[in-house]
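Thank you all for coming; I would like to walk you slowly through one protein model today.

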Amino acid sequence: MGSFDTLLGLLSAVNDPRRAEGKLYQLPYVLLFSILAVVTGANSFRGIVTFIRVHRAHLNAAFGLHWKRAPAHTAIRYILQGLDPTAVEHVFRRHAAGLQPSSTEAGQRVLALDGKTLKGSFDHFTDRKAAQLLHAFDTGSNLLLAHLEISEKSNEIPAVQQLLHDLNVAHHIVTLDALHCQKKTLEAAVQAQAHLIVRVKDNQPTLLQQTQAACTARAPLDANTTITEGRSRHEIRTTEVFKPTKAGIGTEWQPLVKQIVRVSRNVLHRRARTGLWTSTSEVAYYLANTEASASRFAAAIRSHWHVENKLHYTRDVTFLEDSSRIRHNPGIFARVRSFAYNILRRNQNDTFNQDRYAAALGGLDAVFALTVS
């Protein structure tokens, strides 16, 4: 119970906007039980109510409550959707920081920043587009560290610059996709003392041509080649590091870029139906405001895709986030999923589906056995 007392204490910092007469169900417990319900398989307000109804007697005994019945799903919806996302986000970040292994805190981390659309949150009646959240994902511990809601009238670019300012990213590696290959983003990374790696693509055609020419004009400072095999796939990946010059990438980029990274991928795919092999190749370019070995760059660049494969895929397939039709303040329930995601990831024994199923079958004892912080 000590771990849950810690989480409960954090959740107690969230301001309850309800009138005193309407606080039949205390907010910290509503939030805690909502998180535990999602851990055990709930994906909706009704699922949260079912969890509380089934375990009400045990929850009363465990937490010293006197709830005579589970709240209605409309009450859960009213409570959660009335919360301030900033307050919930502050608690989430404190909880996520507490879940980080001590070894990860001490060493250099690789953080992938990437946005995700809550596809079902659009509202045609009010002409509101689907909400977007920017995620900060630690690719070493596979924990989600923070969110930032992206304004409907804006995009990911200023949100990333804001998150670089808000988070403690000093001396850690931050990876970004080509959308964020912007001078202001690199300047924000310098101010935050973050080691930024960002891809260059056709959205910056002149810079891409200059980067390609700079790599062609001189030999690499360092190179690293890896070969991976599995599932009818054979990949040879070569990572090369180059020193930029003023003539190579232009004077406006020169102060912000310490090294250029070129990644060449040659992949053989075996078709199961015919047994024949086909090949594909790709060359990608990255700008970095720090100096590192080719092997270090290779590991950081490859790990960026963990945010898609281990976070976004899990949220969509396991937590059914894309199917959720929560339209009012959808970021609150998204953060409830994130609490549950981090708890399950921190204590993962099997796939997320199987771990949620095991927690549901094991009852509250199985849920309480999870190390929350």
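This is a predicted model: local features need pLDDT of at least 70, side-chain atom pairs count only at pLDDT 80 or more; totals for chains, interfaces and linings use all residues.

Let me start with Asp127, which sits in the loop between strand 1 (110-117) and strand 2 (132-138); helices here are DSSP runs of H or I with at least four residues, strands are runs of E with at least two, and both are numbered from the N terminus. Residues are numbered from 1 along each chain as its sequence is written, and side-chain values use heavy atoms, with hydrogens and water left out.

Most residues other than glycine have a negative phi. Asp127, however, is not a glycine and has a positive phi of about 55 degrees. Asn142, in the loop between strand 2 and strand 3 (143-150), is also a residue other than glycine with a positive phi, near 60 degrees.

Is each of these two residues buried or exposed? Asp127 is exposed, with a relative accessible area of 67%, whereas Asn142 counts as buried at 11%. Here buried means under 20% relative accessible area, exposed means over 50%, and partly exposed lies in between, with a 1.4 Å probe and protein chains only.

Because 16 of its 17 residues are buried, helix 13 is largely enclosed by the rest of the structure.

In helix 14 (residues 352-368) we find Leu364, which counts as buried at 7% relative accessibility. Leaving aside neighbours within four places in sequence, Leu364 is in contact with Phe51, His55, His58 and Leu59, where contact means heavy atoms within 4.5 Å. Leu364 and Leu59 are 305 residues apart along the chain, yet their C-alpha atoms are separated by 8.2 Å.

Finally, let us step back to the protein chain as a whole, which has 14 helices and 9 strands. Of its 373 residues, 51% are buried, and its C-alpha atoms fill a box of roughly 75 × 50 × 45 Å along the principal axes. Among contacts between residues at least 6 apart in sequence, 64% join residues at least 24 apart.
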